[in-house]
Structures are given as C-alpha cells and as structure tokens.
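Visitor: Could you take me slowly through the strands and helices of a model, and show me how each feature is read?

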Amino acid sequence: MQSFLEDVIKEISQKHSSLENMVFLLPNKRAGTFLRNSIAKSQKKTQFSPDILSIETFVEKISGLAYASNTQQLFELYNAYLNTEEKEKDSFATFSKWGQTLLQDFNEIDRFLVDTTKLFSHLSAIQEINHWYLQKERTQLIEDHIRFWNNLESLYQEFNNNLLVQGLGHQGQIYRKACSTIETYLEANTSKKHIFIGFNALNAAETYIIKKVLSTSDAEIYWDIDPCFIADPIHDAGYFIRKHLKWSYYTTNSPKGLKTNYRTKKNIQIIGVPKNVSQANYVGNLLGELDQKDHNQLKNTAVVLGDETLLNPILNAIPKEINSVNITMGYPLDKTPLANLFLEYIDLYLGKEQQGWFYKELISFLNNSYVQILLTDGTCNNATLLAKRIRERNWTYIDPEKLEIIGGDAGNIISQLFFKEAPSTLLLLEKITEIISGLRAKFQETKNTLGLEYLYRFYNLFNQIKALVPKYPFLNDIRSLQNLFKQLLTSETLDFRGEPLQGLQIMGMLESRNLDFETVILTSINEGILPSGKSNNSFIPFDIKLGFQMPTYKEKDAVYTYHFYRLLQRAKNIYILYNTEPDVLEGGEKSRLIMQLLTDEDNTAQITEILAAPLTRPTIKAPQIVAKDPELVQAIKSLMGNGVSPTSLTNYIRNPIDFYKKHILRIRESLDVEETVAANTLGTIVHDVLEQLYTPLVGQYLTSDNLKALKVDLNTVIRHHFSKNYSDGDISKGKNLIAYNVVLRYVENFIDSEIRATEKAKIKILALEKSLEAILTIPNLNFPIRLKGKLDRIDEVDGIVRIIDYKTGSVLPSQVKINTWETLIKDYNKSKAFQLLCYALLYTKGENTGTFEAGIISIKNPGKGLFKFSHGKSTLIDPVILSNFHEALNVLITEICNPEIAFAEKEV
C-alpha cells in the first residue's frame, strides 16, 4: 500500500529535482513526521530538508504573535471583564465556569473573520427581544443580563488588546492578524514554493490565507479524498472539499491528490460489543490474533479511539507479546491517577472547618495510594498508622496539632502536608510543589517512569499557575484555585512521546489526519461520540452562526465523517467496534456512519457484521468449607487450652466459618471512627457504670436508702466511663449527647426498678463482674478444655441465688426457654439460654452447690424484671439440668475439635 503522503512526495519529486526551497504545510505536526520519513525514503541523493510546518505554526509565523496559553487567556479575559463590567462582578471562581465558553466563542469569531460590530449588535438585539414583556420597568436581574450582552463587544476588544500589548494572541486572533500580514510574508518569501497537503475543513482565515498564497505565489494544494465522495453531492465526507473546489483557483488548475482507493477490495468487520471495557478486551484479543498470524502486520496497524477515555483500558488489554506500541494522542490530565491526589488535597483545605478536618475526608486523603507512598518510610506506612490512631481515639475532627501528636517519626512530612497557617493560594501551591518533590524522590527510587511523567506534567502546570498568581490578584482564594485547576484538568493533556514510525499506533481520530494504515481498528463508533451530535456549547445562537457563516453541529459532523471515511480509503482490513448497550455516558445507538456503510450497495458484499459478548461463567456460590488439617487441629487445641468463652461457642452455633475466622484466625472487624457511640460501646459503658456504682454494696442487702445514694454522683460516673470507653469522642452535642442521656436514663430506671424490688424481697449482692473458669474433661478428647467467662452479677433474693447477665438490647422470654437439649446447641436463637447455662456451669465448678436461678435483665426495660432461664416449666437450675447441659456441651466441643468434621458455612 502506498500512502497519501508517499503519493504526494512521489509526484512532487518527479517534477522537481530539489525540495529544499519548498514549504510543506500540513493540518498537524504529527503528519509532518511521516512526511519527513516519506521524503527521506524517496530521495536518492543528499539534500537539505524542506520546511515542514503545521498550519498553526505557519499562521503564527505570518502574524508575528505568539500563542497565549489557555490559562493566561482565561486570566486576561477575567481582567478584561473586571475592567469593562461596571456593577456587581462575578468572582473568578464563578467566572471560570462560563469564561471558557466565551473564550471558545471569541476564538471562533476571529477564526471565521466575523464582523464583530454586526455580530455583537445582533446578539444584544436578540436578548432585548427575548426579554420583552408588558411591565413598564425591567427587574434588576433583567437589566444586569441585558447589560452583560451589550458589554460583550467592549469585553472582546479589551481582551484582545491586553494580549496584543504582550505580543500574544489566542488562536483566532492570530489567524485574523495573519490575514492582514500575509502579503508582507509572501513578498519576503518569493523564492519559496508552498505546498498545502491533506486539508479538509478550513475556517475563513485559513481559506483566505491559502487562496492568497495560491493566487499570488508559486504554490500547490493536494486534497486527500476519493473522487467518489466529491461526486456524491450529499455525502458529508466531501462536504468541505466540494466547496473548496469552487475556488477561482480551479478555473485554470485541476485538483491534485484525488486517487480512487475507496472502492478497492477490503475486509470490513462491524462488531457490536457491550460496554467500553468489553471493547477494550476485544481489541486486545484482536491484536493478539493479528500478531500471531503475522508479526509484521502490527507495524502498519492503527487503533483509532472514538472515545479517548478508552486509552487506559486498551493499554491494559494489549497482550504482553506486543512490545512496541506508540501512543499518538494527548491523555486528558483529569484521567491520570495523580489528578485525584491534588483535587483531594485542595478539597481538604477548602472543606477545613474551625475545629479541623472531618475525619472521613482526612482518612480518605490518607488512603490515597500516592499519600501512602509519600508517608511510607522503609517498611513503616505512616499514613495507615495515622488513620488507625484517628480511629482508635474516635476523633471526629482533627487539627494539625493532633496529627503531629500521633505522627511519631513522620512529623516532618506530616507538617509539610498539614500546616497550621491560614491557607492562601500561594502557600497551598508551595505545599503541592513539596508533595511533587517528595513523590519524585520515591518514584526515582522505584524507577516508576510513568509516574515521573505524570509528576513532570503537573509540576509544570502548578508552576505556571504559581507564576501567574502574583500578576492576577483575583486568584487569591482556594475556591478560585480549585475551579481553575478543574478547568485546566479538562483542557490540558499529557502528551506521550514515543517512536511514531514503528510498532502499533494508538491515536485519536484527529491525530489520524493524512496517515494511512493497512489495518485500522476503530472503537466507540456510536451516536453522540462519532459524530458527537447536536451539542452547542456556545453563547452564540444557532441562527446567528448560520447568518455569519460560522460552524454549527452540521459542519462538526462533516469533519468526523471525512476523517472516518478517509481512514477507510486505503485500508485493507477494517474493524469497526460499537457499544451495543447505549447510555448517556458511553454514547447512543449504533453510529449513522455505520448505517451509511451498511446501506452502500458497493460495500455490502465485503462487510461482515458480528455481535460479540464476553464469555460469562455463572459462579454458583458454594458454602465455604474448611477442612481441619493437623495445623488447624493444633490451633483448635491451643484455643481450647487457653480458654473458650460462651460467646465464642455461640458464634460457632451461629456459623462455624465465623468462629474459624474470628477465634482461630483472629480476624477482627475493621476499626472505624465512631461518630456516634456504637451499640457495643454503649453496652460496655452501662456495664462499667453499674459495676462502679454497685461495688461498694457487695455483701450488703440492698435498701431504698443505699440505692438512692447511688444517684448522687451518677453524672460524674457516667462521664468518666464515656471518657474511658469512647476515647476522645465528643459527647457535648448531637447524637452522642442523646446517647449520654440514654445511658443516664437507663441507669436511673434500673436503680428505680431495684428500689421497687427491695420493697417486695430481700436482695443481697454476692459478687459483681466475677471472672470464673473451669477445666472440662470431655470424653474422647485427650486434652483439657478451659471454659471461662465473666458473670455480671450474682445475688441472693429471699435465699435463692441468682446468676444475672445484663443486656442493653431487647430480650424475649422465648430466648431463655428450652424444651430439648439438642436445640440448645443447634439453634442460635437459644444463644442467650446457652450462655446462662455456661455461666451456671462455671458457678458450680467454683464449688457452689444447691439449686439456683439464672436470667437476663434488660437494662433497656428493667421494669420487666428478670427473664429467667427455664427448661419446660421449671426455672430452677439443679444438678440434673447441669448434667444434661454438660452432655450437650460435650457434643458441641467434640464436634469443634473433631478432625473429621470440617468448618462448614451456614446460611445466616
């Protein structure tokens, strides 16, 4: 296959022995690399290289102005806005949201050489008509709105003049300026031959410049299009070039570059794939197949992305065997992983309150992978340690002083990230620069070259902003910095640099201009993506654009139609992918470009339609089963020897896998900050308060007087135990204050119920929070079992001993009643009865004899009294009950220790 550029160079070389006095002008710089390569291959003798310029560089050279950066344009536009707007002005943060749209409009106005006086007059007149109404006086809002439109022309003039003073210009301004200086340029370069190659959509300024060069100097222009698209009066691929061929230049000259290639034999596959990730995987598999068939085929293959956000998934999907890949596109900065780090850092200071940072935002920042890298010293991850200590101390709000207290050895880095001073724009930018320097050192150690490329791009971006801040005082708050950074992220790109002439090429649609490949893979060919549809991000209405011959969505669609068909012209193997599952984010239905291909009778014979879907293997979740190998059996023996609690045994009854994870593997639930007091913490506080209050009464009978005396220091006792169990948590407001009062009410109600009980019976406290343990001998087990537990309270009521367990939650009588012993070790709903019997067993192993009762007092509802354990109708626990329970307990523990019985998951 001979490419378009090779065709052009071959034709020119046949007519001219030397190319050194020629100036080749192309739509973009990328095509210049390939043109230079084509020239090198075509020339048989050494000679000076001709000038090869993109049209933008050429126009800049003619105008004598330099391009202002996007950031500088936005700042200068806001300066102009401040100088021309008389009344209340938007802040820069607000302005930046609509200023970019205005920049685009000003740029387009100049590129299409629009008469600005007429245009702005029309715009203001339309607004006057739109806001006509019967009331005699307009509202202030309408007045301000009309005034803004009336001031647009003065804003435009002020903005352009500010740039000109500095020798700068936006693209449209430079194009307009070049139109006025083109004759001067041509007079100074009469010996040069200008050759325009591969243009399609030209703005009015480009049209004027090209026509001027063609008519007044030695120049030629080559169009890259198949004649069939020009012959078809309604085909959008030839929409622009049909107009260009009507220039007066063609009354004496014939069009150059037209070659019949589109109707040659091709293999076209149209492939529908669900969603973007599936498209990326399909491309990866397809590239792998092409590489296996012919390794050299990929050297002339291009993957063209309709949706450029697919770059990352496709890079990850490329087979490892393909080691030569060149990316010819800018990767949007907002899609880079580092962008999120800086956004979170700015948000952190934007959201900082008087009492510090809210813990969720701070922990989220600490969990950022780049912060983790920055705060890792050797094997110590200080970011994780900080997050852990914040959770342990229940800090809802954290200030820099607290972070330094818990930071330990990482104090220097922490003070760099989290400073005490009031955040200003310059200070925050300085800190961001320090972050970049710290990460650079880390990346250099690990030889993370891609990370260093990301850092370098952001380093330049923030330095550019830092240099402009002193010049533009309106950028003096964090909100403005945040909005500016977000705007720049969407418009700036990370340009990958590689070897453009070797290996597989990955590019966007616009980067494919003038380039030809034998194999082309196009992705995301859906409506709303290619073409982009009827989007109109502009202040200029559609009918005004038509009247002033400015481009609308019709012209934008024609641009992408041309690029789409131009790629197909010389290609032999074409794979067109589209998303079969349209949605708002990933495009609409199958593109009209595909439908147009399918309805072309000349192509239908060589088109194959495929619907592809990822191979799905339904996974049926089987219950988890863990067999007991010798190592696990030994771990169980160790657990049983060290001591097993009633709670851990009920965990086994509930779900053996939970018992295995929690008590054998010792996997604990993740620690988190308790913004509000958790239920288990509340229960611990209530238990501790009751223990402290009742400890002086151990061995005494309860009376109305000694119980009432407990209420005197109740607030102090509760606050003490909140402080002990809720660490540095704040109980002075919100839900925590409610929780404090709930505990207070719980304890008061409990004491009141005890006072009422003393009126009916004699109650003596025997023990509180008594820790007991017993060694159990289980038949068929050759090692002892240690059962241990803590009894909340042991008392005596009218001579009957009671073992009491406190619960802060709700309790039902059915939960402490049993009818069969098998149910006790099989049904988790009977876990409370199981625990009571474990406590009873522990109590009797302590050489206590006789009959007694066991039950639960619900602190939530103390008025309901003791929920007593019962077997059948009896509530007394005697040696027979304990013997039967012992047998049931033997069965349960034997099952846990039996190597033949695996831990099997239960449905909970």
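Predicted model: local features only at pLDDT ≥ 70, side-chain atom pairs only at ≥ 80, totals over all residues.

Visitor: How many bridges join β7 to β18?

Guide: Two strands pair if DSSP finds at least two bridges between them, and strands themselves are DSSP runs of E with at least two residues, just as helices are runs of H or I with at least four, numbered from the N terminus. Here seven bridges join β7 to β18, and the two run parallel. Strand β7 also pairs with β19 in the parallel sense, over five bridges, and there glutamine 269 stands opposite threonine 608 of β19.

Visitor: Is strand β7 mostly covered or uncovered?

Guide: A residue is called buried under 20% relative accessible area, exposed over 50%, and partly exposed in between, using a 1.4 Å probe and protein chains only. In β7 (residues 267-273), six of the seven residues are buried, so by this definition the strand is mostly covered.

Visitor: In what order do the strands of the open sheet lie?

Guide: The seven strands follow the order β9-β16-β8-β17-β18-β7-β19, with parallel pairing. At the edges are β9 (325-328) and β19 (607-611), each of which pairs on one side only. From one strand to the next, the twist averages 15°.

Visitor: At what angle do helix α27 and helix α29 pack?

Guide: Axes are lines fitted to C-alpha atoms, for helices over the stretch in contact, and angles run from 0 to 180 degrees between N-to-C directions. Helix α27 (residues 630-642) packs with helix α29 (residues 656-664) at about 70°, their axes lying 11 Å apart. That makes α27 roughly perpendicular to α29, since angles of 65 to 115 degrees are given that name, whereas those under 35 count as roughly parallel, those over 145 as roughly antiparallel and the rest as oblique.

Visitor: Which residues in α27 and α29 meet?

Guide: Contact means heavy atoms within 4.5 Å. Leu632, Ala635, Ile636 and Leu639 in α27 meet Phe659, Tyr660, His663 and Ile664 in α29.

Technical notes. Residues numbered from 1 in each chain as written. Heavy atoms only, no water.
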